[in-house]
Structures are given as structure tokens and as C-alpha cells.
Amino acid sequence: MDMYQRPRRNRKSAAIRGMVEETNLSVSHLIYPLFVAENPDEKSEIASMPGIFRWGTEKVLSEIEECVELGIQNFVLFPVVPEKYKTKRGEYSADEKNFYLKVATEIKKRFPQISLMSDVALDPYSTDGHDGIVENGIILNDETLPVLANMSLAQAQAGFDIIGPSDMMDGRIAIIRETLDDNDYDQTSIMAYSAKYASAFYGPFRDALDSTPKSGDKKTYQMNPANKKEALLEAMLDIEEGADFLMVKPALAYLDVIHSLKENFVLPITAYNVSGEYAMVKAAANNGWLNYDATMQETLLSMRRAGANAILTYHAKDFAQLHKK
Ligand code: PBG
């Protein structure tokens, strides 16, 4: 055979494969989500997310310590809000007695070096289970904005390093940035959930938080999975309004969107490898149908290859354990 190009030559040994590797993935790219519950000693596993727990406010501290020892440096907290605190307008989200805010302060006191990100949206706090205020079945945009701004300010005051608006209301980045700046929190970052799709992959997360919408769906604010151009518009607005990072969510079924944002914008991109994506891999692995370690790493690597700088993933601890030196 007359062949001048034989691509296999560049694959012939681990040394050469290492030399030509185009994409890398390490624990420093990962953000680990933790669900926090009010009862200090709670540790309850989420049925649809094997290996992921709701941690009480005391228990979460030792969990973070363990993760930090494994090299994880970035965390995002989600609150499991008891039904008794939920209201139409989610006032508990900015209440100074809020256990979520208090535990964030405690975490930053114990682990000042880590980055701690919040979640901004009404759904964990709302009796309607929607990300905005609901009136007569309509999700009100402009009425929701000040609630999101107050929630963000309370989170900045509690010590969160990064505010994470996941609500998809129009104009929220601008009002949050302005509110933070007016109160001297100009060093608090914003990671905008820029392209967040109305996805079936959030099911296990809603089980974890008991935050499934009481009626209707989220299609009037989360994006249509058929659209890609619209993600560019959302990203453009978030940048203009003052975002520091752009996020694409979910990740695996939206690698083209990650790639497109990477090509078109200069801000760092985060891929949110969501609960349903985690559940699929775990379920198949627990049945012996897929090799967990290999599948997990291949999926995370695909997000980096598509252009993600950071990856928000429930696999972070497993990945860190696997690579512990
Ligand atoms: C809600 C929120 C959701 C997730 C993160 N923040 C669910 C939703 O929009 O219904 C889902 C994350 C996951 O599935 O892992 N503001």
C-alpha cells in the first residue's frame, strides 16, 4: 500500500498519544453541586441520583472537607427548602434566618480558599414551583426581577463568591449586577445560566428539591431544545448586562450550543452536566451495562472538547477520587 499519511503512527504508544492529546480534563475544571438541608445531621440519598445526598448544615461541612482533600475547589449549593417556608413570592430566599445563607457563611469561614456559587431562582422557595412569580398561570417577568435581586444581594452578603441565576427571566443579569454594585459587592461574580433549555433531564434534580412545578411547564422561560441561534442572543444579552461566565444547560445533548458560544464569545463557558445525565450513566453502570469510570470521563471530556472551560457535574467527586494522587 502506498500511503504517506498513516494517522495510526501518532497513536502507537501512550507517550506519543500523550504528546498529541488536544484536550485535557482535570479536577480544577469541575464544580461540584451539593444539596443542603436544614436539619444539621441529615444525610439522605436521592433515589434517582445514586451517590448524591441531601446534606444537613453540619454534615455538609465534613463533606466539603473531604472533597477539598480530594482537590475539588469549586462548589455550588442548592437548598432543600421545607414546605413550611414556601410562599408565592419566596420571601424566605432573602430571610436572614435562611439556613442556606447561614451555611454559606459558615462554609466560607471554614474554607476561605474555595469558590462557592449560589442558585438564584424562585422554584425552591415557591409554593408554585416555578422560577418566577405566578399569577393566573402566567410567570411574571418584571415583578420577579426585584425578588431575584434581593435574593442575590442576600447571597453576596452571606459570602457566596459567585451568584448563579438559573431562572431565565429577561433582564435579570442587569438588575442583579446593578444591585450588587450599588451595595459594594462589585467583586461578587455572576455566572449566568445563559442557554438553559426546557429539558426532560432535570427530573432527578426536581425530586431532590421537591421543586416540580405545581402546574404547567417551564417553556415560557426556558429555551426550546430546537433552537441554537437563540442561545447566541441570550449569551449576547448576558454579556451586555454584566455576566462573568456563560452557562449552557444541559450539556450532553447541547454540545453544539457549547461549541457555538465558544466560537462567538470571549467569556468563559460552563457546561452543566445535569441530574438526568448523571442518572443515566449511574443507572447503566449499576446494571453492569457501562463501565462507569470510562463513560464518565468520556462524557466530561466531550464537554471540554466542545469548548467548555468549566463543568458543573455530580460526577466531580468520583472523578477526583479516581485521580487522587
Ligand atoms: C432551577 C434549577 C433546575 C436545575 C438547576 N436549577 C431545575 C429546573 O429548572 O427545573 C436543574 C439541575 C439538574 O437537573 O441537575 N432553578
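Reply: Lys196 is placed in strand β9 (residues 189–196). Strands here are DSSP runs of E with at least two residues, helices are DSSP runs of H or I with at least four, and both are numbered from the N terminus. Residues are numbered from 1 along each chain as its sequence is written. The model is predicted, so local features need pLDDT of at least 70 and side-chain atom pairs count only at pLDDT 80 or more, whereas totals for chains, interfaces and linings use all residues.

Me: Which residues does the UniProt annotation "active site" cover?

Reply: According to the unreviewed UniProt entry, the "active site" annotation covers Lys196 and Lys249. UniProt positions are given in the numbering used here, feature names are shortened, and annotations may be inferred rather than shown by experiment.

Me: How do you know that they cluster in space?

Reply: They are spread over 54 residues of sequence, yet the largest C-alpha distance is 4.8 Å.

Me: Why are α4 and α5 called oblique to each other?

Reply: The axes of α4 (residues 144–158) and α5 (residues 172–182) come within 9 Å and cross at roughly 45 degrees. Axes are lines fitted to C-alpha atoms, for helices over the stretch in contact, and angles run from 0 to 180 degrees between N-to-C directions. Angles under 35 degrees count as roughly parallel, over 145 as roughly antiparallel, 65 to 115 as roughly perpendicular and the rest as oblique. The pair α4 and α5 is therefore oblique.

Me: What makes up the contact of α4 with α5?

Reply: On α4 the contact is made by Leu145, Leu148, Ala149, Ser152, Leu153 and Ala156, and on α5 by Arg172, Ile175, Ile176, Thr179 and Leu180. Two residues are in contact if their C-beta atoms, placed from the backbone, lie within 7 Å. The contact divides into eight nonpolar, two polar and one charged. Here Ala, Val, Leu, Ile, Met, Phe, Trp, Tyr, Cys and Pro count as nonpolar, Asp, Glu, Lys and Arg as charged, and the others, Gly among them, as polar.

Me: Why are α8 and α10 called roughly parallel?

Reply: The axes of α8 (residues 255–264) and α10 (residues 292–306) come within 8 Å and cross at roughly 30 degrees. The two helices are therefore roughly parallel to each other. Leu255, Ile258 and His259 of α8 meet Ser302, Met303 and Ala306 of α10, a contact of four nonpolar, two polar and no charged residues.

Me: Which residues surround the ligand?

Reply: Among them are Asp119, Asp123, Asp131, Tyr202, Arg206 and Lys218; a residue is near a molecule if its C-beta atom, placed from the backbone, lies within 6 Å of it. By class, the shell has four nonpolar, two polar and six charged residues.
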